[in-house]
Amino acid sequence: MATQVPLDSLDKDQLKTFSDFLMSYNKLSELCFTDCVTDFTTRSVKKDEERCALNCMEKYLKMNQRVSQRFQEYQMIANENAMALVQKSGQLSG
């Protein structure tokens, strides 16, 4: 059984992370539902709708992971460039 944590015990970073997760989840759900669910005459999910939704989810998550990787790479390069600039300016003034 999962332990429930009161919201007032979470710090701002945790709330922001959870909020970001929910926004991403909701966006994913809406996109895949809109693209994949086509038959509203029955309560059951058809095989092609299910396959489409799984492919949609997988593609979205892979894209999100790739964008995050690229962002991290960019941040590392930017940090390296900033450090080099600081070192260079320190050598010029020293």
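Predicted model: local features only at pLDDT ≥ 70, side-chain atom pairs only at ≥ 80, totals over all residues.

Reader: What makes up the secondary structure of the chain?

Author: Two helices and zero strands. Helix α1 covers 12–36, and α2 covers 47–93.

Reader: What is found at the start of α1?

Author: A side-chain oxygen of Asp 11 is there, within 3.2 Å of the backbone nitrogen of Asp 13.

Reader: Why is Asp 39 called buried?

Author: The cut-off for buried is under 20% relative accessible area. Asp 39 has 15%, so Asp 39 counts as buried. Asp 39 sits in the loop between α1 and α2.

Reader: How much of the chain counts as buried?

Author: 7% of the 94 residues. In α1, Leu 28, Cys 32 and Cys 36 are buried.

Reader: Why are Thr 38 and Thr 41 called exposed?

Author: Exposed takes over 50%. Thr 38 has 59% relative accessibility, so Thr 38 passes. Thr 41 has 74%, so Thr 41 passes too. Thr 38 lies in the loop between α1 and α2. Thr 41 also lies in that loop.

Reader: What makes the pair Asp 39 and Lys 46 a salt bridge?

Author: The cut-off is 4 Å between a side-chain nitrogen of Lys or Arg and a carboxyl oxygen of Asp or Glu. Asp 39 and Lys 46 meet at 2.8 Å, N to O. Side chains of opposite charge can pair when their charged atoms come close.

Reader: Which residues does Asp 39 touch, leaving aside its neighbours within four places in sequence?

Author: Lys 46 and Glu 49. One neighbour in sequence deserves a mention as well. The side chain of Thr 41 makes a polar contact with the side chain of Asp 39, at 2.5 Å.

Reader: How do you know that 2.5 Å is enough for a polar contact?

Author: The limit is 3.5 Å between N or O atoms. The Thr 41 and Asp 39 pair, at 2.5 Å, is within it.

Reader: How many salt bridges does the structure hold?

Author: Four. Among them is the pair Lys 16 and Asp 20, at 2.9 Å, N to O. Another joins Glu 73 and Arg 70, at 2.8 Å.

Reader: Why are Lys 16 and Asp 20 said to be about one helical turn apart?

Author: Because the two are four residues apart in helix α1. An α-helix has 3.6 residues a turn, so residues three or four places apart point the same way. Glu 73 and Arg 70 are three residues apart in helix α2, also about one turn.

Reader: What makes the nonpolar surface patch?

Author: Phe 18, Phe 21, Leu 22 and Tyr 25 make a patch of about 420 Å². Members need over 30% relative accessible area. Phe 21, in helix α1, has 48%, so Phe 21 clears that limit.

Reader: How far is Leu 54 from Cys 32 in sequence and in space?

Author: Leu 54 and Cys 32 are 22 residues apart in sequence. In space their C-alpha atoms are 8.5 Å apart. Leu 54 is in helix α2, and Cys 32 is in α1. Thr 38 and Glu 49 are eleven residues apart in sequence and 7.4 Å apart in space, C-alpha to C-alpha.

How values were computed. Residues numbered from 1 in each chain as written. Heavy atoms only, no water. Buried < 20%, exposed > 50% of the residue type's maximum accessible area, 1.4 Å probe, protein only. Contact = heavy atoms within 4.5 Å. Polar contact = N/O pair within 3.5 Å; in protein donor to acceptor, adjacent residues only side chain to side chain. Patch = residues over 30% accessible without salt bridge, like charges linked within 9 Å, V, L, I, M, F, W, Y side chains within 5 Å. Areas by Shrake-Rupley, 256 points an atom, 1.4 Å probe, with all protein chains shown as cover.
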